[in-house]
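Please open the structure in your viewer and keep the sequence at hand. The stops below proceed from one selection to the next.

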Amino acid sequence: MKKLGDFMAETAVSVEDLKVKFPNEKSFLFKDFSLSVTRGEKVLLVGPSGAGKSTLLKILAGIIPNSVEVPMKCTDCKLPNRYGYVFQDPDSQFCMPYVDEEIAFVLENTQIPPDDMPTLIKKYLDDVCLSLPDIHTKIDRLSGGMKQRLAIASVLALQPDVLFLDEPTAMLDEEGTKQVWDTVMNIASDKTVIIVEHKIEQVFDFVDRIIMINSEGSLVASGEPEVMVHQCKYLFSQYGVWYPSVWQEKLKNDKQCVEVLLPEVTIQQLKGYKNKKELIRVEEVTVNRGDWVVITGDNGSGKSTLLQALAKLIKTKGEISYSMNNDSNYYGYMGYVFQNPELQFITDTVYEELAFSLRNSQLSNDECDRRIMEQLNIFQLDHVKEKHPFQLSVGQMKRLSIAAIAITRPQILLLDEPTFGQDAANTFRMLDYFASLHRSGMTILMVTHDKNIREHYANTEWKIRDGMLTDARRLYETDYHSDRMGVRQSVMGT
Amino acid sequence: MSWELSSKQTWLHHVNPSIKLILLVVVFVGLLLIDYIHFHLYFVIGLSFIYFFMTGYSYKWLLLFTLPFIVIFISSFTSMAFFGEGDKTLYQFGLFHITEESLYRGLHLGIRSIIFGLLGLIFALTTKPVSLFYSTMQQYKLKPKIAYSFMAAIRLLPMIAEEVNTLRQAMKVRGVTFSHTISGIYERIRYYAVPILAQSIRRAHRMSIAMEAKQFNGNRGRTYYYQIKYGREDLFFCILLICGITVCYYLQTNFSFLPVERVLH
């Protein structure tokens, strides 16, 4: 018994009196921060965006300061000898083009003899349940969930004692998220695991301890998940963490709005092409003024392509008729927000970014300024209005990209995964804004994976499967209604 | 966007990439020193034979790839032939002055550019970048740090292509227009370059951290998943080139049909 106790108490990772300060920042990111994780423990780190959770994880792994130089100091630390680190972005953590080559890269680094490699590669892929017909498959062909499982397989090849997971599912859809967490639970039972994540529902049962840090970088609470969720719920909601009942609480106050059945967009026999390949087909469907349409479907089924077709960004055949008067100012009538906000910034400051959108409006300078300030206020960007858009945090960039499009008050707003990878606080802020636009009569079409948006905000759902709109139905309070009413609206593909 | 070309694997694919590279570079430099026009003519026929029958791609693709080189051939041929100097005038009209010397000099230059195009294509079409870098690491002790930077960079290219496309759409949506003046061109370059560079630098940084987190150390000893060695094919390739050059030399000395032997610069 005593032996077991000793084993349990053995420290796997620890830091003491950690001080971290980024150059050019006024305040410390961490000051006198101490943390210790025992061997075999599963720890979840939560906190508001920008609190330095990822930085802390990198320090515990030794990536900072070994690979990334950040001024830091601590009186004592114990770092793991062998660790595996899974990053957030599935696309920028591989250096080789093929699945087998990527795992081989790790095996080469640890000087495994080449003859053993094929068997080991198969073993690690089996461990993460990534069964591919051929291990020499292009990584680009994998879905996001598969890519993250490959990332896990390749860090398993390092035979790590400690596994660091830095929001591994932030860029994944629901199915991918589930696959990744199932895999982690499978492989990590005997390992120390430290997770940063703001969607805690899936890992709730897996972790032994939740550690919460605030935006000043100090530890505010730490304890078992059940205890934490009961005692510190207000902190979860304050910090925008996705805890299990967050949606129900959010929705207590919100209510839905009126409907007018006035066709805004009518689509007939629409086909969208990219590189001469037909990627999306819609037989017939109508969007009414004031609709909130969610477009759902698997990854790669053609949801974004449909939005691009509606926004005339790709070649189309067939008919789309809009209820706009003249064709001249098409992109004033219809706003389009891309998934990656960085690619739609044009100017050098946040303020100018909004001013750019209004440059062709008939408004006076004062009126423009007033409207921009109002918009900055709504999106909580007023304190960064002189910054370059690229200096903003991910959440702020996303808000700016929406603000810059919505400021012209288009009649239709097309949104490609607007809440993707955002924490709860950001998501709700955005949804509140969309809801207010919607109440003022704007028609919204939104590609999303989020079931809750579909259930609580949208009034219409379009399902896309294999490049085809297979079902368009009105959503009402109960499923019973949606089935019946679906008949009127539904489009039947052949 | 996918840019995948499928081809049959031919024996040329199995030639050691470093050997292939070195031999082709030697041929390349050697040809610069030779100015026998018949030699070049026969050599281009030989290379076309390798290009069309040994690379394993469909003729449709192969012909398409030669298109830019044919354009270069025509442009270098005409610019040399029409305006070159020489004594024996064949045709003169205004600025155009075609002499026998300039005609052959132009022909020679054009053929040379086609030869260089074909050499490059033969190499590029039958060599995977990954194999080339694995081979240079193993045969010529290239530092893994450099080899892996190249391999990782190649992975970035399709992502950049995708981003340029999105950027174009985003500018359209936000109503950005560029004038056709110099400043308009400058603006266009700036609008595209800044976000693409910012994204790429960020991504490259993340990638390098991920590589180091996987215990990659640019200099230390490592094992190799692909064991790239010398083989029979290397000998074949060597013999093929030597035979080709000998045959071209023989034909050049015995069957010259043009009135010019050498093109003097």
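This is a predicted model: local features need pLDDT of at least 70, side-chain atom pairs count only at pLDDT 80 or more; totals for chains, interfaces and linings use all residues.

Leaving aside its neighbours within four places in sequence, with which residues is T443(A) in contact? Select T443(A) together with E264(A), V287(A), N288(A), R289(A), G290(A), D291(A), Q411(A), I412(A) and L413(A), for these are its contacts (contact means heavy atoms within 4.5 Å). T443(A) belongs to strand β17 of chain A, residues 443–447; helices (H or I, at least four residues) and strands (E, at least two) are DSSP runs, numbered from the N terminus. With a relative accessible area of 0%, T443(A) is buried. Buried means under 20% relative accessible area, exposed over 50%, and partly exposed in between, with a 1.4 Å probe and protein chains only.

Residues are numbered from 1 along each chain as its sequence is written, chains are lettered from A and ligands numbered from 1 in the order in which they are written, and side-chain values use heavy atoms, with hydrogens and water left out.

**Helix α5 of chain A**

Next, select residues 117–127 of chain A, which form helix α5. Within this helix M117(A), I121(A), Y124(A) and L125(A) are buried. Viewed down the axis of α5(A), the buried residues line one face of the helix, because they fall within an arc of 100 degrees (the arc is that of the directions from the helix axis to the C-beta atoms). An α-helix has 3.6 residues a turn, so residues three or four places apart point the same way. Now display α4 (99–109) and α6 (144–156) of chain A, against which the buried residues of α5(A) pack. Turn to the face directed away from the buried side, where T119(A) and D126(A) are exposed. Just after α5(A), C129(A) has a positive phi of about 55 degrees.

**Salt bridges between the chains**

Side chains of opposite charge can pair when their charged atoms come close. Over all chains, the structure holds 26 salt bridges; in each, a side-chain nitrogen of Lys or Arg is within 4 Å of a carboxyl oxygen of Asp or Glu.

Select D89(A) and R206(B), whose side chains form a salt bridge at 3.0 Å, N to O. This pair crosses between chains, from the loop between β6 (83–86) and α4 of chain A to helix α7 (residues 182–213) of chain B. D89(A) is buried at 10% relative accessible area, whereas R206(B) is partly exposed at 35%.

Continue to E102(A) and K214(B), a salt bridge whose closest N and O atoms are 3.0 Å apart. E102(A) is in helix α4 of chain A and K214(B) in the loop between α7 and α8 (232–254) of chain B, so this pair joins two chains. Both residues, E102(A) and K214(B), are buried.

Then select R202(B) and E342(A), where the closest N and O atoms of the salt bridge are 2.8 Å apart. Here helix α7 of chain B supplies R202(B), and the loop between β15 (334–337) and α13 (350–357) of chain A supplies E342(A), so two chains are joined. R202(B) is partly exposed, at 27% relative accessible area, and E342(A) is buried, at 6%.
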